[in-house]
Amino acid sequence: MQDLGSTQHFNVQVEPETGVKVVLSSVFEALNEKGYNPVNQIVGYIMSGDPTYITSHNNARSLIMKVERDELVEELLTQYIRNNGWL
C-alpha cells in the first residue's frame, strides 16, 4: 500500500540533445571539413532526398538520414525566424 502522507516524485528523463540541431551541426561540420559548400549540399539533399549529397565523412550521411527532411526544413526555418526576431 502506498504512503499517502508523502509526496511522490515523478521524474521525466529529458532526452539528450541528439535532435535535428545536433544532426545539422554535425553534418555541416563534416561537409565543411571535406571542402564542400554545406549549404548547397544540404539544400540538394532536402530537395531531392538523395543521400549522396551528404558526405559519409564522420558518419554524416547515416546521421542525416535518421531525420525526416521536413524536420530539417522546420528546424532551419525556425532558427531563421528566431534569428530575425520574428519569434
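Which residues in helix 2 are buried? In this predicted model, P38, Q41, I42, G44, Y45 and I46 of helix 2 are buried, where buried means under 20% relative accessible area, exposed means over 50%, and partly exposed lies in between (1.4 Å probe, protein chains only). Residues are numbered from 1 along each chain as its sequence is written, and side-chain values use heavy atoms, with hydrogens and water left out. Because the model is predicted, local features need pLDDT of at least 70 and side-chain atom pairs count only at pLDDT 80 or more, while totals for chains, interfaces and linings use all residues.

**The chain as a whole**
- The chain holds 4 helices and 0 strands, and its pattern along the sequence is α-α-α-α; helices (H or I, at least four residues) and strands (E, at least two) are DSSP runs, numbered from the N terminus.
- Of the 87 residues in the chain, 22% are buried.
- Among contacts between residues at least 6 apart in sequence, 44% join residues at least 24 apart, a contact being heavy atoms within 4.5 Å.
- The chain has an accessible surface of about 6,800 Å², and 51% of this belongs to carbon and sulfur atoms; the areas come from the Shrake-Rupley method with a 1.4 Å probe, and for residues only the protein chains shown count as cover.

**Helix 2 and its ends**
- The cover over the buried residues of helix 2 includes helix 1, helix 3 and helix 4.
- N37 caps the N-terminal end of helix 2, with a side-chain oxygen 3.0 Å from the backbone nitrogen of V39, while just after the helix G49 takes a positive phi of about 80 degrees.
- Q41 lies in helix 2 and is buried, with a relative accessible area of 19%.
- The side chain of Q41 reaches the backbone oxygen of Y53 at 2.8 Å, and, when residues up to four places away in sequence are not counted, Q41 touches L31, Y36, Y53 and I54.

**The largest nonpolar core**
- The largest nonpolar core has 14 residues, of which V27, I42, Y45, I54, I64 and L72 touch the most other members; such a core is a set of buried Ala, Val, Leu, Ile, Met, Phe, Trp, Tyr and Cys residues joined through side-chain atoms within 4.5 Å.
- Helix 1 (20–33), helix 2 (38–48) and helix 3 each supply at least two residues of this core, and helix 1 gives the most, with 6 residues.
- L72 touches V20, L24, Y45, I46, I64 and V67, again leaving out residues up to four places away in sequence.

- S62 is found in helix 3 (residues 60–64) and is partly exposed, with a relative accessible area of 29%.
- S62 and P51 are 11 residues apart in sequence, and their C-alpha atoms are 8.4 Å apart in space.
- Helix 4 (residues 69–83) has 15 residues and reaches 21 Å from its first C-alpha to its last, close to the 21 Å expected at 1.5 Å a residue, where the expected span is 1.5 Å times one less than the number of residues.
- Helix 4 is followed by G85, whose phi is positive, near 75 degrees.

**The aromatic pair**
- The structure holds 1 aromatic pair.
- The rings of Y80 and W86 have centres 5.7 Å apart and planes at 75 degrees, so the pair is edge-to-face; rings of Phe, Tyr and Trp (its six-membered ring) pair if their centres lie within 6.5 Å, and planes under 30 degrees apart count as stacked, over 60 as edge-to-face and the rest as tilted.
- Y80 is partly exposed, with a relative accessible area of 46%, whereas W86 is exposed, with a relative accessible area of 58%.

Note on methods: Polar contact = N/O pair within 3.5 Å; in protein donor to acceptor, adjacent residues only side chain to side chain.
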